[in-house]
Amino acid sequence: MTRIFVTLFLISAIPAYGYQARNGQTVTPRGAQDFVVEQRNGAAVRAYWCAAAEYAQRELGAGFSTRVYRASEPPRRRGEAIAFTLDPARRASASGLVVLNDDGGLSVNHGLFFCRLEARRDNGN
């Protein structure tokens, strides 16, 4: 039993590469308001937005109405990550999604909606 606790302690002491979102996407911080959602094979753009919103809320303390902006210009090329920011001055010209009045960003709540859609899809609903 002691060996298990020591192992868990050692694993938790290893610095993580980045934040692991619930949908499996990895998010890497790039500053106080900037971060990158790493490329994952087969992931749709909404999966990147889901991870970005979750990271902004859980790690950066953003509220539901806080806007998260795409910082890298769409479209995302094969094998590329997507950069995000909370700073509207560093936003891209578009979000990469089909949305009305696209200013390059979405609210945290809108991004978390994509997480709920993915969860429903994965559960067969």
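Student: How many aromatic pairs does the structure hold?

Tutor: This predicted model holds five aromatic pairs. Let's look at two of them.

Student: Why is the pair of Y19 and Y55 called edge-to-face?

Tutor: Their ring centres are 5.6 Å apart, and rings pair if their centres lie within 6.5 Å. The planes of Y19 and Y55 stand at 65°, and over 60 degrees counts as edge-to-face, so this pair is edge-to-face.

Student: What makes this a link between distant parts of the chain?

Tutor: Y19 sits in strand β1 (residues 19-20), while Y55 belongs to helix α2 (residues 45-58), and the two are 36 residues apart.

Student: How do you know whether Y19 and Y55 are buried or exposed?

Tutor: Buried means under 20% relative accessible area. Y19 has 14% relative accessibility, so Y19 is buried. Y55 has 6%, so Y55 is buried too.

Student: Why is the pair of F35 and Y55 called tilted?

Tutor: Good one! The centres of F35 and Y55 lie 4.7 Å apart with the planes at 50°. Stacked needs under 30 degrees and edge-to-face over 60, so the pair of F35 and Y55 is tilted.

Student: What does the pair of F35 and Y55 tie together?

Tutor: Strand β3 (residues 34-37), which holds F35, and helix α2, which holds Y55; these parts are 20 residues apart in sequence. With 1% relative accessibility, F35 counts as buried.

Student: Which residues do ring pairs link into a cluster?

Tutor: The cluster is made of Y19, F35, W49, Y55 and F84.

Terms used: Residues numbered from 1 in each chain as written. Predicted model: local features only at pLDDT ≥ 70, side-chain atom pairs only at ≥ 80, totals over all residues. Heavy atoms only, no water. Phe/Tyr/Trp six-rings, centres within 6.5 Å; stacked < 30°, edge-to-face > 60°. Helix = DSSP H or I, 4+ residues; strand = E, 2+ residues; numbered from the N terminus. Buried < 20%, exposed > 50% of the residue type's maximum accessible area, 1.4 Å probe, protein only.
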